[in-house]
Amino acid sequence: MSNKAITRVQTAVVLVIIIAAVAAGAYITSQPSAPPTTTTTTGPPPIVFKDTLIMGTTDAVEVSLDPAESYDYFGWEIIQSTGSSLVDVRPGSPAGPSDIVPALATSWEVSSDGLTWTFNLRQGVKFQDGTEFTANDVKYSFDRNVFKLAIPEGPQVGIGYGDIIKSVDAMSPTQVVFHLNIPFSPFLSLMAAQSSYIVNPKLAPEDHAVAYKEGDARASSPMDLGPYVLSSWVRVAGKDNEMRLDANPNYWNVSGGYPKTPHIIIKFYSDATTLRLAIESGEVDIAFRQLRASDINDLKTKTNVKVWEGIGAFIQYLVFQEKMKPLDNPEIRRAIAAAVDRPTLTNTVFLGQSKPLYSMIPNGMAGHTDAFKQLGDANYAFTREALAKYGYNENNKLKLDLWYESSGHYPQSPDQATVLKSSLEGSGVIQIELKSADWPSYRVNRNQEIMQMYILGWYPDYVDADNYMFPFLHSVGGSWIHMNYNNPQMDDLINQARAKTDAAERTQLYAQAQELFAQDAPIVPLFQGTAWAVTKPNVGGVVLDISQSWRHWLVYATEGPAPLLQIGWLASIITRFATEQ
Amino acid sequence: MQTERGRIIVQLIPQFVRLSKRGMAGWTVLIGSVIVVAVVGMTLLAPWIAPHNPIAINVGPIMAAPSSEFPLGTNHLGQDMLSRVIWGGSMVLQVALISVAMCVAVGVPIGLLASYAGGNTDKGTSLVMDSIYAFPGLVLAIAIAAMLGRGVLNMSLAIAVVYVPSYYRIVRSQVLTIKELSYVEAARALGAKSRSIILRYVMPNVVPSVVSVATINFADAILTAAGLTFVGLGLSVAVPDWGWDLTYGRQLLPAGAWWVIAFPGLMIVLLALGFTLIGEGLSELWSPRLEQ
Amino acid sequence: MSLRSYVIARVLLTIPMLLLLLTLVFLITRVLPGDPVLLHFEKQAKPEAVEEFRQRLGLDKSLPEQYVDYLTGVLRGDLGKSMQDFSPVAQQIFSAFPATLELAIFGMIIAVVLGIFLGVRSSRSYNTGEDHVIRTFGIATYAIPVFFLGMVLQLVFSIQLHWFPSGGRIYPGSEPLGLNLGGFHLATGLYTVDSLLEGNLSKFVQALRYLFLPSFALGLVLCGIFIRLTRTSMLETLRLDFVTAARARGLKERTVVYTYALRNAFLPILTMMGLQFAALLAGAILTETTFSWPGLGRYLVDRIAFRDYTAIQGAVVFFGLLVALVSLMVDILYAYLDPRIRL
């Protein structure tokens with residue numbers, strides 16, 4: 001062979017060797033070492049529970065972990081796992097009034113006028129430094145969060161704690177009393193919300209919220225008394241990168257066997273695709289929020305992961321800006337609402353994983369009625385007839401702007417907008433122009449009332465129909481939406497429902513309110529999102545109920561002992577047997 | 001800069017060209033042109049040749065693989081990928097065209113005037129242009145696009161600002177060379193006005209290099225536009241756009257739907273490649289003439 | 001002129017350029033269609049809250065005052081406060097930077113190695129089919145959007161073949177810790193280096209595995225120019241008299257190629273590396289998003305989504321300064337190695 005050919009062959013051989021080495025190395029090192037486990041030494045090595053679980057999520061802490069300030073889903077998730085409240089909602093329940101269970105309070109009673117709530121506190125509960133938990137800590141938490149700090153974007157202001165609660169008094173170390181301004185019926189549910197969680201006064205200064213502190217997880221959160229302690233919170237370049245939760249030995253419910261898994265590592269992923277890849281490759285044990293519908297469906301076919309589904313209490317809805325004609329006319333609003341095609345929306349965008357919603361109150365929650373069913377889906381005959389009265393037809397279409405947020409704040413917003421546009425235009429008499437803005441701009445646009453129609457979403461602050469009616473349809477409670485809807489009759493119905501304690505009466509009132517809602521149509525409810533999580537097959541304890549809470553302390557993973565261990569045990573038995581002959 | 005290496009390059013280029021580069025360069029330009037014409041043609045003829053409405057949803061099953069009915073498959077909304085690919089070049093081409101036009105309209109006159117004027121004007125402008133040129137292009141485009149917001153014009157402007165210095169530099173180097181030529185000096189001595197000198201002597205010589213730069217600029221503009229869309233500074237989702245399909249299609253990859261990114265991506269590559277080939281070929285064809 | 005005078009002259013030239021660069025960024029981030037401050041309030045902003053926000057960020061001062069603050073801030077290493085949580089932008093940038101640096105270094109290594117290898121081959125089979133193929137390859141790879149290439153690599157080598165992980169820098173929980181001797185702690189932020197400092201070979205291999213696909217995408221897109229450069233440089237050198245003489249003396253072809261010809265190409269390649277650094281950073285921005293690489297590029301993209309103008313400004317300034325610094329260093333290095341250009 002010529003010189004040239006020889007060198008060519010040499011080069012080729014070298015290349016092949018390099019590629020083979022890299023591939024081999026890739027295969028060999030592709031399985032990371034298993035995390036440590038605890039085992040016993042008698043009998044065959046038993047099935048054990050994993051010591052550490054890794055959860056992946058695309059969420060992140062939006063502001064901080066201070067309940068006076070935190071009003072985002074993930075912040076509340078961590079607050080709930082690292083803190084405790086007076087009462088809790090029983091996991092897996094429909095979160096009704098009979099589903100409230102004791103937490104830091106063991107019993108409670110309300111006065112006949114509904115204005116005074118008395119809680120008897122659990123005794124012997126300790127903060128991490130050994131100080132005993134008393135009623136003063138409860139008083140401190142509420143005085144601070146609701147009255148002293150009253151952070152404008154915080155949940156206490158958003159939900160209107162100050163309007164509900166007049167004062168909090170510590171009657172004795174184990175008894176605390178709430179004096180209310182109004183007889184607020186969902187008060188217990190409100191006490192179970194993360195915005196009512198009790199802080200450690202030593203870690204929560206009176207004059208400012210607790211912020212993320214680099215390298216010091218303890219100083220980054222005022223929460224104590226929960227099933228876990230926040231032992232590490234790492235941000236890289238301003239983005240949450242990793243969090244670690246370690247079991248709290250002082251947790252008041254340690255005797256119940258909680259938390260089931262002593263260590264949780266939370267890894268933050270930037271988007272649904274990388275999270276999906278992570279759970280599929282086994283890099284994380286749990287993937288929760290937010291995966292695409294198509295990925296969920298695809299993962300359901302895989303055998304190396306388990307897909308959990310639950311009821312979502314997340315809703316999305318379309319808002320009409322009544323300041324912009326002709327949206328001030330309820331008949332036109334109803335006409336547009338009738339053209340919405342929810343089944344197409346939920347089937348195309350979410351592949352059937354979310355449910356059409358015909359009420360502000362989600363399916364499964366007390367007070368829900370399918371009020372908007374009367375307008376139907378893609379009810380084009382109705383739309384055309386109603387709009388014809390105002391001179392709109394195929395040659396003179398009703399032109400509208402439809403806005404959606406474009407920075408991933410809600411799941412698959414661009415898809416939703418595209419499908420909605422298609423549905424509305426299917427009537428033949430509506431023309432939609434799509435407009436989008438990233439979330440911060442979207443919020444400003446909303447506040448400045450420049451968006452004609454816009455899509456918003458909502459997670460419940462507390463699981464009660466009131467939290468789906470007051471913040472939207474009440475003239476005061478719904479002012480943050482800026483849609484300029486004001487109906488005194490609606491206000492009255494909602495106020496009454498808030499104050500009543502009888503569940504049947506409340507349901508009646510909400511039914512009336514929702515009938516009125518369907519007549520006025522200031523908002524069009526679109527769908528209710530299903531909650532789902534994807535985990536390794538050996539994970540258990542995942543509860544996806546209507547409260548939307550992810551309870552870290554319930555989750556566990558089983559692990560058979562490593563095969564070698566089993567073989568080793570078997571070998572030792574055999575040799576023992578053999579030598580004993 | 002008459003270093004050893006410089007002289008060698010100057011000597012060698014005509015050799016290259018004479019040998020077979022002229023043929024090679026010719027082929028390059030031809031292939032590039034064919035590609036560009038085909039793609040642009042396809043985009044212009046879109047209303048007539050696209051089988052479906054590119055933004056109509058559910059024309060086919062969701063995320064269906066390429067088949068006889070849908071040759072390029074469908075995406076997550078049941079939209080036909082073939083129609084989306086045929087229509088998708090429109091935005092990218094518009095942005096590229098407008099930004100190149102802006103660049104030429106701004107960069108060439110500035111280059112001509114500043115370098116012809118010489119002195120401090122020349123030094124000052126060069127300094128500004130060098131600063132912009134040294135900046136990583138995409139970063140600058142991102143910064144500008146982020147501030148201006150969405151829209152074809154805004155995106156074109158963001159890209160244009162990044163490339164103006166390239167035109168400035170090439171025009172300036174031409175002008176400086178030509179300024180020294182004897183017949184230009186003669187014309188000046190005879191009292192010819194600056195304007196006519198620029199128009200009669202400088203411009204004709206500048207045109208070839210500007211065209212070369214423009215074609216490469218086109219390719220870069222296409223890639224930068226795609227890049228801007230990828231980082232979230234793209235146009236509205238209602239418009240079919242290759243960049244958008246690429247960006248969004250990425251989310252469908254793990255489920256195995258490779259066709260949503262493959263074909264739009266291929267089109268971007270083809271178009272950029274076409275322009276690059278034209279530009280490379282042209283600069284090779286024309287460079288020997290300039291060196292003489 | 002001597003090296004010292006050249007360095008001084010070059011540095012002096014950089015200063016007005018840097019000033020221009022900073023001013024340019026400042027102007028860009030002040031040409032806003034709306035009020036950046038209002039973009040960060042959920043409910044109807046109370047005027048006092050807005051004012052407070054403005055004051056905390058120093059945006060209530062007049063434009064010239066802001067400009068001066070901005071310039072002096074940069075000198076101090078203060079790039080402002082993030083609009084999201086008022087934490088120092090400079091700190092965030094420095095914590096994200098090592099990831100991008102590592103990606104850039106390996107991307108450059110791959111680009112240069114590929115470029116030299118293919119360039120040499122191309123020059124040695126001058127004008128044959130192989131030459132044309134390689135040259136076309138070089139041009140073609142440049143036309144591929146780097147994020148598209150990244151996606152293709154991810155699809156093939158990660159999702160289908162499972163040879164490489166699809167994203168991130170390392171398996172959760174196994175970040176290299178760097179050197180830890182007694183109380184002395186040294187960590188560079190570059191996982192490959194830190195794992196070696198820690199003495200943990202398995203972490204080193206893991207870091208390389210995670211690094212491979214993104215840097216390969218980057219390197220592939222940039223190798224074209226190195227191919228061309230190497231090829232041209234090799235071609236012209238191989239024709240020179242002293243090379244012919246060496247061949248005539250019977251020196252092995254390989255020696256001729258590598259010791260003489262390639263050494264000649266070294267300087268232009270070095271310069272090109274410096275020039276391509278800007279393109280490398282731009283490519284890194286796009287690659288980092290595809291591979292969830294937690295570096296500066298992804299930081300910039302995230303900040304864009306949140307309209308965090310101070311952070312965007314800070315990141316852009318940082319990029320500009322970095323590129324200016326690298327090109328300065330390359331120029332000085334070049335002047336040191338090749339006295340001719342100091343003239």
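Trainee: What does C:Arg228 form a salt bridge with?

Mentor: With B:Glu280. The closest N and O atoms are 3.3 Å apart. Keep in mind that this is a predicted model.

Trainee: How many salt bridges between chain C and chain B?

Mentor: The count is one. Polar contacts across that interface come to four residue pairs.

Trainee: Which element gives the largest share of the chain C side?

Mentor: H1(C), with eight residues on the side that touches chain B. By class, that side of chain C has 36 nonpolar, seven polar and seven charged residues.

Trainee: And how much area is buried between chain C and chain B?

Mentor: About 4,800 Å², with 77% from carbon and sulfur atoms. On the chain C side, C:Phe148, C:Met151 and C:Glu236 lose the most area to chain B. Together they make up 12% of what that side buries.

Trainee: How many residues does each chain put in?

Mentor: Chain C gives 50 and chain B gives 51.

Trainee: New topic. How many aromatic pairs over all chains?

Mentor: There are 36. One of them is A:Trp117 with A:Phe119, a stacked pair at 6.3 Å centre to centre and 20 degrees between the planes.

Trainee: Is A:Trp117 buried or exposed?

Mentor: Buried, because its relative accessibility is 9%, under the 20% cut-off. A:Phe119 is buried too, at 0%.

Trainee: Why is the pair B:Trp258 and B:Phe263 tilted?

Mentor: Because the planes are at 50 degrees, between the 30 and 60 degree cut-offs. The ring centres are 5.9 Å apart. B:Trp258 is partly exposed, at 37% relative accessibility.

Conventions:
Residues numbered from 1 in each chain as written. Chains lettered and ligands numbered in written order. Predicted model: local features only at pLDDT ≥ 70, side-chain atom pairs only at ≥ 80, totals over all residues. Heavy atoms only, no water. Contact = heavy atoms within 4.5 Å. Buried area = accessible area lost by both parts, 1.4 Å probe. Salt bridge = Lys/Arg side-chain N within 4 Å of Asp/Glu carboxyl O. Polar contact = N/O pair within 3.5 Å; in protein donor to acceptor, adjacent residues only side chain to side chain. Helix = DSSP H or I, 4+ residues; strand = E, 2+ residues; numbered from the N terminus. Nonpolar A, V, L, I, M, F, W, Y, C, P; charged D, E, K, R; others polar. Phe/Tyr/Trp six-rings, centres within 6.5 Å; stacked < 30°, edge-to-face > 60°. Buried < 20%, exposed > 50% of the residue type's maximum accessible area, 1.4 Å probe, protein only.
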